[in-house]
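This briefing covers a surface patch, a pocket and the salt bridges of one protein model. The points below are grouped by topic.

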Amino acid sequence: MIWAKRALFALTGIVIWVALTVLFISKERLCNAAIEAASKAQVGICYDERTASPIGCDMQRMTLLYTHSAVAKVRNVRISLLEIRLSSIHLEGIAASLLPANIYTATIRLLPGTIKAKGDFGTLKGEISWRTRSVRLVLSPSPLMRKNFTSTLRYFNLRNGKYIYVASF
């Protein structure tokens with residue numbers, strides 16, 4: 001019975017250590033890591049203002065560039081340890097030719113691995129499976145998306161009025 005108490009004590013210590021590490025991790029480093037990860041994928045990030053808070057990192061008036069071409073302008077971005085939130089996104093360039101230009105909100109949660117977005121294209125919900133390294137997206141398109149962006153919808157499989165896209169990474 002003493003071994004159970006010791007195991008419980010060790011497990012409690014590990015949980016407290018992990019919780020304190022997450023709490024005191026530098027949010028400035030978190031922002032820098034996100035920018036660095038994006039640059040490795042050839043995505044450039046330019047922003048007007050960046051602030052760090054105890055919860056995460058916020059960026060205002062951000063421009064996303066893909067191989068030096070503007071792809072989107074984002075009014076607000078919030079990066080925390082397990083979530084990325086974007087609001088007021090306006091697509092430009094090649095991205096605007098694939099989807100309607102305005103996206104109101106987009107949220108990516110790393111745990112449990114979900115994606116949600118709402119915009120002129122309709123609503124998008126998705127699941128990220130870290131174990132199988134795959135993403136499954138379900139799109140409920142708006143009438144604008146169905147009418148003007150049929151070439152984009154061809155990448156999705158139509159099932160029960162919803163468009164489904166599955167990809168591996």
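Leu-81 sits in the loop that joins β3 (69–80) to β4 (83–91). The model is a predicted one. In it, Leu-81 is partly exposed, because its relative accessibility is 31%, and this residue belongs to a nonpolar surface patch.

**Surface patch**
- The other members of the patch with Leu-81 are Leu-82, Leu-111, Trp-130 and Phe-169.
- Together, the residues of this patch have about 490 Å² of accessible area.

**Largest pocket**
- The largest pocket holds about 1700 Å³ of space.
- Its lining is made up of 47 residues, and those closest to the centre are Leu-64, Val-71, Leu-86, Ile-103 and Ile-108.
- By residue class, the lining of the largest pocket has 43 nonpolar residues, three polar and one charged.
- Strand β3 contributes the most to this lining, with six residues.
- Leu-64 belongs to strand β2 (residues 56–66).
- The relative accessibility of Leu-64 is 22%, so this residue counts as partly exposed.
- Leu-64 and Val-43 are 21 residues apart along the chain, and their C-alpha atoms are separated by 6.7 Å.

- Six salt bridges are present in the structure.
- One of them is formed by the side chains of Asp-58 and Arg-78, with an N to O distance of 2.8 Å.
- Asp-58 is in strand β2 and Arg-78 in strand β3, so this pair ties together parts that are 20 residues apart in sequence.
- Asp-58 counts as buried because its relative accessibility is 12%, whereas Arg-78, at 36%, counts as partly exposed.

**Salt bridges of Glu-83**
- Glu-83 forms a salt bridge with Arg-85, in which the closest N and O atoms are 2.7 Å apart.
- Glu-83 also forms a salt bridge with Arg-109, where the closest N and O atoms are 2.6 Å apart.
- Arg-85 is partly exposed at 38% relative accessibility, and Arg-109 is partly exposed with a relative accessible area of 29%.

**Salt-bridge network**

Conventions
Residues are numbered from 1 along each chain as its sequence is written. This is a predicted model: local features need pLDDT of at least 70, side-chain atom pairs count only at pLDDT 80 or more; totals for chains, interfaces and linings use all residues. Side-chain values use heavy atoms; hydrogens and water are left out. Patches are made of residues with over 30% relative accessible area and no salt bridge: like charges are joined within 9 Å, nonpolar side chains (Val, Leu, Ile, Met, Phe, Trp, Tyr) within 5 Å. Accessible areas come from the Shrake-Rupley method with a 1.4 Å probe; for residues, only the protein chains shown count as cover. A salt bridge is a side-chain nitrogen of Lys or Arg within 4 Å of a carboxyl oxygen of Asp or Glu. Helices (H or I, at least four residues) and strands (E, at least two) are DSSP runs, numbered from the N terminus. Buried means under 20% relative accessible area, exposed over 50%, partly exposed in between (1.4 Å probe, protein chains only). On a 1 Å grid over the protein atoms alone, a cavity is a set of points where a 1.4 Å probe fits but cannot get out, and a pocket is an open set with protein on both sides within 12 Å along at least five of seven lines; lining residues have an atom within 4 Å of a point. Grid points are joined across faces, edges and corners, and a volume is the space filled by probe spheres set on the points. Ala, Val, Leu, Ile, Met, Phe, Trp, Tyr, Cys and Pro count as nonpolar, Asp, Glu, Lys and Arg as charged, and the others, Gly among them, as polar.
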